[in-house]
Amino acid sequence: MLDYIVVGFGLSGLSFVEQLESEGKSYVVFEDYSQKSSRVAGGLYNPVILKRFTAAWQVVEQMEKAIPFYKSIEAKLQKPLIFELPVFRRFNSVEEQNTWFEACDKPILDQFLSAKLFQNINKALDIPYEYGKVKHTGRIDIKNLLSSYLQYLEQKKSIIRESFAHDALMIKKDFIEYKGYKAKHILFSEGFGVNNNPYFNYLPVVGNKGEYIIIRSEALKLKEAVKSSVFIIPLGKDMYKVGATYNNQDKSPETTTSAKEELEKKLKRFLKVPYEVVDQVAGIRPTVKDRRPLIGTHPEHRNIHILNGLGSRGILIGPSVAENLYNYIEKGISLDQEVDISRFNKLR
């Protein structure tokens, strides 16, 4: 008898599995690689919504939990996964600069926004005004994180690389059974794939397609992430990730020419040196109408749970909500009402 079956292994699945590891629980993970949003994400951890100069939801608590969480995984896997990376916001006008200064004086934001502006010294970029700098930022190598953790699970014989057949799940009074596996609990962390899950497909996961292009530019020589109408994120060796798009209509997994053209058009507004597009990636973010994650227990089956809806900020949100859900299941500690799926019970 296992403690848990975990279905899906993006950032939400990883966050919960690591929680199980820290508590000494037994588990097996089912993963079919159908959902790619975590694997293609930009990987920045950034406490501020730079479009509006506002603090991200519960950002202080999330930062306190997330950074030690990833450093712990880095030490366990013995892989370099977390990198400090400055994030600069390009201003489009003096008015934007003034709005930045106003934001610097607001509670919470004063610890994340630098009141000192920075001059651009990179001639490859058109920066007509000074930069604003966000503090306490960095990049997680998510692709390497997930692939390395999957190798770790492989060594533990805790990963089943196949699609999960929901109709084969048998629900007993005190446990669940699936293809010969018995567990006290099952957690679904399927991302946008939750729409095919008969237990939780009533939840309003609308999905938002994000695409990035990967460029190579020997002339750019950028050592920090720059946010304008798109992000430029340095990856090393003259490679940069540029994105992302937000499309809540297209739910196909394929990359699109229109997204590439959109990203290049925005990039060329401030990048003034040659570059080459070497790759393009796409994924469907599991977004929710009220922009809050989805965690909790099925209203009728007390051993079926969900962790989903992390959206575009899964790096910071995942560890906190995974801990919240685990403490709810195992210790009876209440869920944060903002993320509890019971807020959508009327949709069933």
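**Close-up 1. The two sides of helix α4.** The face of α4 that points away from its buried side carries Glu-95 and Glu-102, both exposed. This is a predicted model, so keep that in mind for every view here. On the buried side of α4, which spans residues 94–104, you'll find Glu-96, Gln-97, Trp-100, Ala-103 and Cys-104. Look down the axis of α4 and these buried residues fall within an arc of 115°, so they line one face of the helix. Here's the background: an α-helix has 3.6 residues a turn, so residues three or four places apart point the same way. And what do the buried residues of α4 pack against? Their partners are the strands β7 (87–90) and β8 (131–134).

**Close-up 2. The open sheet, strand by strand.** Seven strands make up this open sheet, and the pairing is mixed. Follow the order across: β8-β7-β15-β16-β17-β14-β18. Which strands sit at the edges? They are β8 and β18 (276–285), and each of them pairs on one side only. On average, neighbouring strands in the sheet are turned by 25° against each other, ignoring direction.

**Close-up 3. Where β7 meets β8.** These two strands pair in the antiparallel sense, over four bridges. Pick out Val-87 and look for its bridge partner in β8: that's Val-134.

**Close-up 4. Helix α6 across the strands.** Which strands does α6 lie across? They are β14, β16, β17 and β18, and α6 runs at about 60° to β14.

**Close-up 5. A cis peptide bond at Gly-243 and Ala-244.** Most residues other than glycine have a negative phi, and most peptide bonds are trans. The bond joining Gly-243 and Ala-244 is cis, though, with omega at about 0°. Ala-244 has its place in the loop between β17 (239–243) and α6 (257–267).

**Close-up 6. Two loop residues with positive phi.** Lys-221 isn't a glycine, yet its phi is positive, at about 50°. You can find Lys-221 in the loop that links β14 (208–216) and β15 (225–227). Is Lys-221 buried or exposed? It counts as exposed because its relative accessibility is 55%, and the cut-off for exposed is over 50%. Asp-238 is another non-glycine residue with a positive phi, this time about 65°. Asp-238 sits in the loop between β16 (231–236) and β17. With a relative accessible area of 24%, Asp-238 is partly exposed.

How values were computed. Residues numbered from 1 in each chain as written. Predicted model: local features only at pLDDT ≥ 70, side-chain atom pairs only at ≥ 80, totals over all residues. Heavy atoms only, no water. Buried < 20%, exposed > 50% of the residue type's maximum accessible area, 1.4 Å probe, protein only. Arc of directions from axis to C-beta. Contact = heavy atoms within 4.5 Å. Pairing = 2+ DSSP bridges. Axes fitted to C-alpha atoms, helices over the stretch in contact; angles between N-to-C directions.
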